[in-house]
Amino acid sequence: LRQLTAIANSARAKYEAAKKELAKATAEAKSAADAYVAAVSQVKEAHDAIGRLAASAYIMGGGFTNLDSLLHSDGPQDLMDRLSTLDSLGNQNTEALFRFKVAEQVAKAAKKAADDAKIAQQIATEKVAKAKAIADQARAEQQKEVDRLQKIQDQILKELTAARSVRITLEQQRQLALLEEANANIADNTAVYTQIWPD
């Protein structure tokens with residue numbers, strides 16, 4: 001029983017450790033999923049910014065280029081303004097594309113981390129289920145042994161009660177025999193008196 005109790009306690013400790021590991025894996029999976037959602041949001045924002053820039057370029061018309069600005073400018077200042085605007089738009093486009101690419105890379109990494117965390121969570125869940133099954137089995141074996149020992153103890157107590165009853169009966173019979181022997185001795189010793197006092 002001690003051995004089964006030790007096995008059951010060990011299995012229970014492993015089960016509790018597996019539950020803690022599962023809780024940690026679940027928290028990490030949630031954190032990774034939240035990071036992935038945030039990264040997808042960043043990709044959408046960058047994508048929307050590129051869309052706004054494309055819409056602005058469409059509204060301005062396709063002829064807004066360096067050559068077109070040179071040909072249609074109304075003087076050096078207008079040319080400088082047009083080229084400065086083109087340069088600013090180019091920088092905005094480059095920056096928007098860079099942010100979009102970075103956001104996509106972050107989203108890919110977050111997706112991989114979320115997938116890995118989900119796999120780790122699944123492994124931890126399986127480990128908990130396995131540890132619980134082992135702990136339950138050990139507990140069942142321990143209980144089976146307890147029940148067996150209880151049955152033996154009940155049988156021994158029953159036999160002990162019966163033996164005590166027999167012992168008491170035998171003791172009573174011995175006491176009765178001793179009393180009868182003592183009375184017989186007294187009767188033998190009083191035979192003389194019966195001649196003097198017949199009653």
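**Salt bridges and burial**

Guide: The side chains of Lys 30 and Asp 34 form a salt bridge, at 3.0 Å from N to O. The term stands for a side-chain nitrogen of Lys or Arg within 4 Å of a carboxyl oxygen of Asp or Glu. In general, side chains of opposite charge can pair when their charged atoms come close. The model is predicted: local features need pLDDT of at least 70, side-chain atom pairs count only at pLDDT 80 or more, and totals for chains, interfaces and linings use all residues. Residues are numbered from 1 along each chain as its sequence is written, and side-chain values use heavy atoms, with hydrogens and water left out.

Visitor: Where do Lys 30 and Asp 34 lie?

Guide: Both lie in helix α1, four residues apart, about one turn of the helix. Helices here are DSSP runs (H or I, at least four residues), numbered from the N terminus.

Visitor: Is Lys 30 buried or exposed?

Guide: Buried means under 20% relative accessible area, exposed over 50%, and partly exposed in between (1.4 Å probe, protein chains only). Lys 30 counts as exposed because its relative accessibility is 53%. Asp 34, with a relative accessible area of 41%, is partly exposed.

Visitor: How many salt bridges does the structure hold?

Guide: There are ten. One of them joins the side chains of Lys 132 and Asp 136, at 2.9 Å from N to O. Lys 132 and Asp 136 are separated by about one helical turn because they are four residues apart in helix α3. Lys 132 is partly exposed at 36% relative accessibility, and so is Asp 136, with a relative accessible area of 39%. Arg 174 and Glu 171 also meet through their side chains in a salt bridge, at 3.2 Å from N to O; they are three residues apart in helix α3.

Visitor: Which residues are linked in a network of salt bridges?

Guide: Arg 12, Glu 16 and Lys 19.

Visitor: Is Gln 121 buried or exposed?

Guide: Gln 121 has a relative accessible area of 16%, so it is buried. Gln 121 lies in helix α3, residues 76-189.

Visitor: Which residues is Gln 121 in contact with, leaving aside its neighbours within four places in sequence?

Guide: Contact means heavy atoms within 4.5 Å. On that basis Gln 121 touches Leu 22, Ala 25, Thr 26 and Ala 29. The side chains of Gln 121 and Thr 26 are also joined by a polar contact of 3.2 Å. A polar contact is a pair of N or O atoms within 3.5 Å; within protein, one must be able to donate a hydrogen and the other to accept it, and residues adjacent in sequence count only if both atoms are side-chain atoms.

Technical notes. Helices (H or I, at least four residues) and strands (E, at least two) are DSSP runs, numbered from the N terminus.
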